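Subject: Structure handover

Hello,

Here is the structure for you to open. My notes on it follow below.

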Amino acid sequence: MSEITSLSTRAMAAATAMSSQPIAIRVCLAHESTTDFTRRWQARHPNSRLIVIEDTENSVGNSLARYIRTHFPHRETFVVVATIDPATRWHRFLPSQRTDEIAHALRKHTEAVVCQIPVRIDPAHRDPALRA
């Protein structure tokens, strides 16, 4: 997850329904400070584990896949990826490249089960952090 939004909160709710101890993973750039994000995450989800990894492959999906292959090689792993379910037919034409890239990399490079959770965001009450 890149930010703490209603989308990431719903993804954690889905992950918690699948596992009693879900792990949230954030992939960040080499120059990015993660202190503020980590503090905000712990305030919002105090009982969940957060792992911050660096994007060393210039691809969030490939970096995440490498981490999963390395750290969970013999465990059944489910990855929850929340996607925005477009509110109108017009919005369906807009690409969701980041989530598609992550799902593709995980399916190609890991044995993880990728669970894409569509989340309907009402445009009138949209979280400002979700804006492009």
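Start with Arg26 and Phe37. The charged end of Arg26 sits over the ring of Phe37, 4.2 Å from the ring centre. "Over a ring" means that NZ of Lys or CZ of Arg is within 6 Å of the ring centre and within 35 degrees of the ring normal.

Before you read on: this is a predicted model, in which local features need pLDDT of at least 70 and side-chain atom pairs count only at pLDDT 80 or more, while totals for chains, interfaces and linings use all residues. Residues are numbered from 1 along each chain as its sequence is written, and side-chain values use heavy atoms, with hydrogens and water left out.

Overall layout

The protein chain has 4 helices and 4 strands. From the N terminus, the order is α-β-α-β-α-β-α-β. Helices (H or I, at least four residues) and strands (E, at least two) are DSSP runs, numbered from the N terminus. Of the 132 residues, 36% count as buried. Buried means under 20% relative accessible area, exposed over 50%, and partly exposed in between (1.4 Å probe, protein chains only).

Aromatic pairs

There are 2 aromatic pairs in the structure. Phe37 and Trp41 are stacked, at 6.3 Å centre to centre with 20° between the planes. Rings of Phe, Tyr and Trp (its six-membered ring) pair if their centres lie within 6.5 Å; planes under 30 degrees apart are stacked, over 60 edge-to-face, and the rest tilted. Both residues belong to helix H2 (residues 35-44) and are 4 residues apart, about one turn of the helix. An α-helix has 3.6 residues a turn, so residues three or four places apart point the same way. Phe37 has 2% relative accessibility, so it counts as buried. Trp41 is buried too, at 0%.

Tyr67 and Phe72 are both buried.

Helix H3

Tyr67 is among the buried residues of H3, with Val60, Gly61, Ser63, Leu64, Ala65 and Ile68. H3 (residues 60-71) has 12 residues and reaches 16 Å from first C-alpha to last, close to the 16 Å expected. The expected span is 1.5 Å times one less than the number of residues.

Best wishes
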